[in-house]
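Let's take a friendly walk through a protein model, one topic at a time. Keep the picture beside you as you read.

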Amino acid sequence: MRADPNLYDYWPYRDRPKIVWPGGKKLAFWIAPNIEFYEFDPPKNPSRPGWPKPSPDVVGYSQRDWGNRVGHWRLMELMDRFGLRGSISLSTALIDHHPEIIEACVARDWEFFSHGIYNTRYSYGMDEAQERAIIEDSIRSIQTATGQRIRGYLAPALTHTERTFDLLAEYDFWYTCDLFQDDQPQPLKTKGGRLVSMPYSLEVNDVITYGALAMDPWRYADVLKRHFDQLLEEGERSGTVMCIPLHAYLVSQPHRIRAFEDALAHIAGHAADVWFATAAEIAQVYREQYWDQTVADIEARGLASGGTGFGPAED
Amino acid sequence: MPMPDDYLEYPHRAYGMDQSLYGWRPATARPRIAWPGGQSVLGVIVVPIEHHMLDPSGKPFKHPGAMVTPYPDLRHYTTRDYGARVGVFRILDALKHEGLKATFPVNAVLLPRLEPLIEAILEDGHEVAAYGVDTDHIHWGGLDRETEKAWIEEAKAAFAKVGLSPRTWMSPARQQSFSTLELLAAAGFEVCLDWEADEVPLPMTTPAGPILSLPVSNELDDRTLLNDRRQTEDQWADQVVAAQAYLSGDAERFGGRMLGFTLTPYVAGQPFRIASLRRMLAGLAGASGFTAATAGEAADLFARSARG
């Protein structure tokens, strides 16, 4: 076990080289609907139960199913009204269970990235072959169903191994949503490739705000607006990224969806300064235009500590 | 089985405190403090810079903010790390905008990695304080004296290595052993931010000499209010401003007061909290009779006031 992952170098937020998003925009905004499948009776993982209550956790399971049969459709229609495309964090097995959802997202030209196979199968305890199998299954299954070669990853239920990021880079993923250290993208120190740490969010993630933090809908909308306003202000100095990770089984509830609409209206009202993008579009621009300047800045400031993630640091 | 006989013996049952670190003195009997600038309230703003490692032992208890899920808990590691790379710079900017000085206790292990942050803190005229080795080196009653002494020396040496000799100490999790204050005084520390027994600076005595306690409010702790108790950023900001206003009124009657509170970077430095943080700091800076000082400055001002 390591005290520090060494996945990225310390890089102070102040005085960074400037990022300007396409069209001269200050903030890159993306929405990540998590389209997940939680199994009725998942196999046991010694590190974590599949459900907080013994299987079958009827309320938990059926609420998530409600998200798939009702909530997603409501969210899609709302995003359509604002002309916003989603970048879908997909439980890959959902392709087999509910292809209608996949077709509806493909028709909207939304992006897909992998969120594992099921959100009830964790990475804990996997060996390298098993973790490769998850990644290869994700690439293959999503390509077959959508025609898209996925470029992003969010580990199932945010469970990782020490080799997760090296494997993603090896399979030519462009970005990971698993790390929360910054409001700008940053290069990760993998053995190969160009894997970007893409700002996702726990702070404005509806699972956290509605679950752990027990916010009411209008409080959540207020947090979203404040978060957006601050990151937009700072984006003038150097382009920032804001993601709203969503779960339809929470945000699309009839008592909540209007408050979320209100927040989206606020954000959509700043179109002159905001690049409405997908995660892969942001990652592509970053890799092509800003990766090298970031690495050079870290180097020039004497902050490059060497080594790669979970490997030994060089002196 | 009943409790042993001595369980009903009370060796310290007498007037005053049941320890020798400081004496009993009700607020009504305190000598008036006259801050040299004539201020009613001296603010000590504490910005803790913490290292939350991926593999904490969690002994003797988990430090607030420690890892939660099985190794590698990258989710919490990176969420905490956000504070020292992003959030703290928002706090620095907000402090600078209002011309307020603060104290930044830093876990010693972070010093080499955070060199640019340390420079930014010092450049803005703030104080860097010692904050133990890291969040997994908690000083507590079960720690043997030699180990604790070695930890304090280890922290001191790490600061010396980057050219710093902090006067002020805050313990990880603000926890201590029965010997901590003595060992800190012996190591040359003059100010401690762990205790909050009064609303004014409180001189403490140890076998190794004196050390000054500056109160830092646990009930206004941002991590507690915002993360644990889930209050809104406006509720939090309002309470800090209200505390200042109340103390200001009290100061007219009883002399100068102190208001110590924390701004934890990974908590207070979140984008959606910055508008409230700015409003809070503007409210403090704009209040008549309020001034903020670093811990070391507060100790000096207190010494001047005590001399008359």
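## Salt bridges between the chains

A salt bridge is a side-chain nitrogen of Lys or Arg within 4 Å of a carboxyl oxygen of Asp or Glu. By this rule, eight salt bridges cross the interface of chain B and chain A. One of them pairs B:Asp234 with A:Arg226, and their closest N and O atoms are 2.6 Å apart.

Before we go on, some ground rules. This is a predicted model, in which local features need pLDDT of at least 70 and side-chain atom pairs count only at pLDDT 80 or more, while totals for chains, interfaces and linings use all residues. Residues are numbered from 1 along each chain as its sequence is written, chains are lettered from A and ligands numbered from 1 in the order in which they are written, and side-chain values use heavy atoms, with hydrogens and water left out.

## How the two chains meet

How many residues of chain B are in contact with chain A? There are 38, and they touch 43 residues of chain A (contact means heavy atoms within 4.5 Å). The size of an interface is often given as the accessible area lost when the parts come together. Here chain B and chain A bury about 3,800 Å² between them, with 54% of it on carbon and sulfur atoms; buried area is the accessible area (1.4 Å probe) that two parts lose on being put together, summed over both. In chain B, the residues that lose the most area to chain A are B:Tyr71, B:Arg85 and B:Phe272, together 20% of what that side buries.

The two chains also share 23 residue pairs in polar contact, both at pLDDT 80 or more. A polar contact is a pair of N or O atoms within 3.5 Å; within protein, one must be able to donate a hydrogen and the other to accept it, and residues adjacent in sequence count only if both atoms are side-chain atoms. Four helices of chain B each supply at least two residues to the side that touches chain A: H1 (74-98), H2 (115-123), H6 (233-254) and H8 (274-286). Helices (H or I, at least four residues) and strands (E, at least two) are DSSP runs, numbered from the N terminus. H1(B) gives the most to this side, with 14 residues.

## Helices packed together in chain B

Two packed helices are described by the angle between their axes and the distance between the axes. Axes are lines fitted to C-alpha atoms, for helices over the stretch in contact, and angles run from 0 to 180 degrees between N-to-C directions. H1(B) and H2(B) pack at about 5 degrees, with axes 11 Å apart. They are therefore roughly parallel to each other (angles under 35 degrees count as roughly parallel, over 145 as roughly antiparallel, 65 to 115 as roughly perpendicular and the rest as oblique). B:Ala84, B:Val88, B:Phe89 and B:Leu92 in H1(B) meet B:Leu117, B:Ala120 and B:Ile121 in H2(B).

What about H6(B) and H8(B)? Their axes come within 9 Å and cross at roughly 10 degrees, which makes H6(B) roughly parallel to H8(B). Among the residues that meet here are B:Trp236 and B:Val240 of H6(B), and B:Leu277 and B:Met280 of H8(B).

## A link within chain A

Over all chains, the whole structure has 44 salt bridges. One of the pairs is A:Lys189 with A:Asp9, whose closest N and O atoms are 2.6 Å apart. This pair links distant parts of the chain, 180 residues apart: A:Lys189 is in the loop between strands S6 (186-187) and S7 (196-197), and A:Asp9 is in the segment before strand S1 (27-35).

## Backbone details to look for

Most residues other than glycine have a negative phi, and most peptide bonds are trans. The bond from A:Ser55 to A:Pro56 is cis, with omega near -5 degrees, and A:Pro56 is in the loop between S1 and helix H1 (58-81) of chain A. The bond from B:Tyr71 to B:Pro72 is cis too, with omega near -10 degrees.
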